[in-house]
Structure formats: C-alpha cells, structure tokens
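Please examine the sequence and the three-dimensional structure shown below.

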Amino acid sequence: MTKKIQAIRGMHDILPAQTPLWHHLESQAKRILAAYGYSEIRTPLVEVTELFKRSIGEVTDIVEKEMYSFADRNGDSLSLRPEGTASCVRAAIENGLLSQPQRLWYQGPMFRHERPQRGRYRQFHQIGVEVFGLAGPDIDLEVILMTRRLWRALGLSGLRLEINTLGDASERHAYRAELLAYLERHHERLDEDSRQRLATNPLRVLDSKDPQTQAIVADAPRLLDHLGAESRGHFEQLCAGLEAAGIAYVHNPRLVRGLDYYNRTVFEWITDELGAQGTVCAGGRYDGLVEQLGGRSTPAVGFAMGVERLIGLIEQADTAPPQTLDAYLVAVGERAQARAPQIAEELRDACPELRLMCHSGGGSFKSQFKKADRSGARYALVLGESELDAGVVGVKPLREGLEQTLVPLSSLADYLVEQGLESD
Ligand code: ATP
Ligand code: MG
C-alpha cells in the first residue's frame with residue numbers, strides 16, 4: 001500500500017466542525033476593531049530573515065531556535081513569519097504610512113518550531129493590533145479596553161490581566177547591570193536556562209518557571225525602583241485608566257515578555273482554564289522599533305492574540321452560536337429534479353440570507369429525506385411531481401417534529417423569513 005502523506009507535526013487542519021468557532025471569533029473581532037476605527041493590513045507570510053533578527057532580537061528563543069528559515073533559490077535567507085509586528089513595522093515604513101497616526105490590525109498564521117503540545121503549535125494563528133504614532137498611556141488603555149470588549153462579546157469571563165512596565169531603554173540598561181550583579185551572586189542556584197540567559201538577556205531570568213530561580217528572583221532588585229518620572233507617570237496613568245474603566249489587573253513585576261523590542265507598558269491576558277499555555281493575548285509598547293528598522297522615530301503599541309487558545313476557551317464556554325442550514329431541498333422525479341436548481345436560485349435571489357442546501361445526486365424520497373435530516377437543516381423543502389404541478393412546496397420542520405405544510409412557491413421565501421432564519 002502507498003504510504004499515506006500526513007500533515008507536518010504541529011501544523012493542523014482546521015476542520016469543518018471547527019470553522020464555525022473560528023468564524024465566530026473572527027467576526028466578533030472584526031466588528032469590534034472596526035468599531036474602534038482600526039484598519040486591516042495584510043503582509044506576506046515570508047520575509048527576509050534579517051527583519052526578524054533585527055526586531056525580535058538575536059538572542060531570543062524565537063530567533064535562536066524557532067524560526068523556519070531557508071535559502072531562497074537565489075541564496076537570500078528568508079523566514080516564515082514567527083509573529084506579525086516586525087512585518088507591520090516594515091510595511092508601514094516602506095509604504096510611508098507613518099506620517100500620521102495609524103491604528104492597524106492583522107490576522108493570519110505564524111510559524112515557530114516549538115515543541116508541540118496543547119495550546120502550542122508550529123503553525124498557529126494570531127489576530128493582532130499595532131498602533132503607530134501615539135505615545136501616551138491613553139492608547140495603551142484603548143487597546144486593552146478593546147480586548148476586554150472582545151472577551152465580553154465572546155462570553156469569556158475569567159481572564160486575568162497582568163501588566164508591568166519595562167521603563168525606557170536607558171532605565172532598563174541601568175537596571176540590567178544591577179540585576180545582573182544580583183543574579184551573579186546567586187549563580188550557583190539558578191537553573192541551567194537562566195544561567196545561560198545571564199550572558200545574553202538577564203531580564204528573561206525574571207520570568208523563569210523554575211521554582212528555585214523564582215525564589216531568588218523574588219528578592220531581586222525591582223525595575224520599578226529604577227524608573228524616571230516620565231516612565232513612572234506613564235505607568236501610573238495607565239493604572240488609573242484601568243481602574244476608572246473597572247478593569248481588574250495585577251501588577252506583575254516579573255512580566256518581561258520574550259521579545260526584545262518592548263519598553264514601558266507590557267501586558268498579558270491569562271486564563272487558568274487551558275493548563276500550562278494560559279496566555280491568550282500579549283502585547284505592549286515598542287517605541288524604539290520603527291527607528292531600529294530604519295524608519296523615523298515613532299512610538300508604537302500593540303498586542304497579539306493566540307487564536308487557537310481563544311478557540312479552546314470558546315469551545316469550553318460553549319458560547320459560539322451554531323452555524324446551521326435553514327433548509328434542505330429534496331426533489332423527487334425527473335421533472336422536479338430538473339426544476340430544483342432553478343427554484344433554489346429563485347429562493348436565494350428573494351432572500352440572500354437564506355442558507356439553503358440543494359440535494360444533489362438523485363435517489364429515492366426516503367434517502368434524500370434522510371440526508372435532509374442529517375444536514376441539521378431546520379426544514380426539508382419537498383418538491384415532487386404533484387407539488388410541481390400544483391405550484392407548491394412541502395415544508396417539513398425537521399427539528400420540532402411538526403407536520404408538513406404546503407406553501408405556494410411564490411410566497412415560499414416570505415414564509416421562511418417569517419419563521420425566522422438561522423442567520424438572524
Ligand atoms: P508563550 O509564552 O505562550 O510562548 P509568547 O510570549 O511566545 O507566548 P507572543 O509571541 O507574545 O507569545 O504571541 C502572542 C500570543 O500568541 C501568545 O500569548 C499565545 O496566545 C499565542 N502563541 C504564541 N506562540 C504560540 C504557539 N506556538 N502556538 C499557539 N499559540 C501561540
Ligand atoms: Mg513563546
């Protein structure tokens with residue numbers, strides 16, 4: 001037997017049973033993003049590898065060991081995008097979008113060669129937001145308010161907001177030296193990963209999951225104590241805004257995020273309902289990145305949501321409306337079968353919202369009716385030779401187990417609308 005070809009490990013098909021959940025999330029997100037005046041941007045899935053090295057950082061997990069990089073046919077090093085921010089910044093600079101503030105969003109697949117497990121895949125999807133040209137804590141608050149509105153629309157309660165401030169580059173630089181000195185003194189008791197990070201990215205030691213390292217970190221000097229008046233003010237205003245909006249939050253001084261480009265505000269929305277992979281949305285400010293990638297210095301803030309993790313939550317909460325058919329058209333006999341596609345088209349013309357599946361492939365009344373039943377449609381529309389001659393269609397409610405009624409073809413669309421459509 002020929003060996004079956006399978007999907008790549010960590011890269012999944014999203015099957016028809018799942019796509020209604022995806023549509024639900026996507027349509028709620030689009031509605032809310034539009035309501036705040038955000039515009040969609042679509043960038044290529046592949047970029048030059050250099051873009052990610054220069055933005056995400058050479059010594060981050062993503063760039064060091066998770067990127068899908070390859071040589072193009074002409075030898076250029078290209079990578080599948082592991083995240084969306086770098087591409088957005090590149091596109092905004094390249095297309096001259098930064099002469100005025102921009103509120104952008106994107107969605108699509110991202111690629112990281114991580115160890116696949118629940119909530120962690122090699123192809124996964126994000127919906128993200130990037131705002132350029134606005135420096136104040138008011139816009140940090142706006143993007144967080146937008147996420148809260150989405151959780152509410154999706155019926156997701158129980159998400160916890162954690163925030164922190166990383167200060168600006170010079171404040172972090174001074175802090176980094178002090179943190180490093182402290183951690184060096186405890187070198188012997190740090191976990192292996194953290195020891196390696198001392199040399200490259202000591203701030204990442206703060207979010208080590210190792211209990212012994214965590215205990216050391218608990219007494220480490222705090223970044224908050226190294227902030228100047230401006231950074232401190234920014235953070236305090238954001239906190240005040242969150243309080244005024246009634247958003248509960250936790251200030252987690254160990255929240256540092258895995259990407260290099262963040263400064264000042266960082267935040268995560270976290271759930272306890274998905275096991276270890278509990279962060280469903282993460283973001284923050286990255287005021288230096290545009291300049292770092294060759295643009296004019298432009299403040300920026302953004303976030304990305306992990307779609308698979310949110311889908312997991314929506315599934316558990318069971319809040320997505322089902323996507324089902326209104327009607328399934330059954331046609332028995334040669335003449336009725338020949339006429340059925342026309343009737344279906346006329347119904348769709350009369351009522352664009354109608355979800356109507358037309359039986360295909362012939363067969364007996366009984367077998368067609370069985371398919372109508374299995375389709376999940378609310379009604380079977382029955383068209384036989386006698387109905388055809390009388391200008392009527394039999395309408396049989398499939399879910400309520402009621403009797404069939406005959407409805408004149410000319411008023412069938414109105415009749416179905418009166419009963420209420422699934423799309424309402
Ligand atoms: P984590 O700490 O879970 O590895 P991260 O800090 O690497 O996340 P970001 O790069 O900030 O994540 O991406 C934003 C969101 O995208 C995450 O909060 C998560 O919901 C989702 N995400 C990140 N990596 C994956 C993945 N490999 N599979 C599924 N979702 C992911
Ligand atoms: Mg990660």
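Phe267 is found in strand E9, where strands (E, at least two residues) and helices (H or I, at least four) are DSSP runs numbered from the N terminus. At 1% relative accessibility, Phe267 counts as buried; buried means under 20% relative accessible area, exposed over 50%, and partly exposed in between, with a 1.4 Å probe and protein chains only. Phe267 and His251 are 16 residues apart in sequence, and their C-alpha atoms are 9.2 Å apart in space.

The model is predicted, so local features need pLDDT of at least 70 and side-chain atom pairs count only at pLDDT 80 or more, while totals for chains, interfaces and linings use all residues. Residues are numbered from 1 along each chain as its sequence is written, chains are lettered from A and ligands numbered from 1 in the order in which they are written, and side-chain values use heavy atoms, with hydrogens and water left out.

**Buried residues and annotated sites**

Leu242 belongs to helix H9 (residues 229–244) and is buried at 0% relative accessibility. Leu242 touches Leu141, Ile144, Leu161, Ile163, Ile247 and Tyr249, not counting residues up to four places away in sequence; contact means heavy atoms within 4.5 Å. Leu242 and Arg120 are 122 residues apart along the chain, with their C-alpha atoms separated by 30 Å.

The UniProt record, an unreviewed entry, places the feature "binding site" at Glu83, Gly84, Thr85, Arg112, Gln126, Glu130, Arg257, Tyr261 and Tyr262. UniProt positions are given in the numbering used here, feature names are shortened, and annotations may be inferred rather than shown by experiment.

Gly84 sits in the loop between strand E4 (77–80) and helix H4 (85–94) and is buried at 4% relative accessibility. Not counting residues up to four places away in sequence, Gly84 touches Tyr106, Met110, Gln126 and Glu130. Tyr262 lies in the loop between strand E8 (249–251) and strand E9 (263–270), and is buried with a relative accessible area of 6%. With the same exclusion of residues up to four places away in sequence, Tyr262 touches Leu166, Arg172, Arg257, Gly283, Gly284, Arg285 and Tyr286.

**Helix packing**

Two packed helices are described by the angle between their axes and the distance between the axes. Axes are lines fitted to C-alpha atoms, for helices over the stretch in contact, and angles run from 0 to 180 degrees between N-to-C directions.

| Helix pair | Angle | Axis distance |
|---|---|---|
| H2 (residues 49–56) and H4 | about 105° | 9 Å |
| H1 (residues 19–35) and H11 (residues 307–317) | about 110° | 10 Å |

H2 is therefore roughly perpendicular to H4, and H1 is roughly perpendicular to H11. Angles under 35 degrees count as roughly parallel, over 145 as roughly antiparallel, 65 to 115 as roughly perpendicular and the rest as oblique.

Leu51, Phe52 and Ser55 of H2 meet Ala86, Ser87 and Arg90 of H4. In the other pair, Leu21, Trp22, His24 and Leu25 of H1 meet Val307, Glu308, Leu310, Ile311, Ile314 and Glu315 of H11.

**Backbone with positive phi**

Most residues other than glycine have a negative phi. Arg264, in strand E9, has a positive phi near 45° and is buried, with a relative accessible area of 13%. Asp318, in the loop between H11 and strand E12 (327–331), has a positive phi of about 55° and is exposed, with a relative accessible area of 65%.
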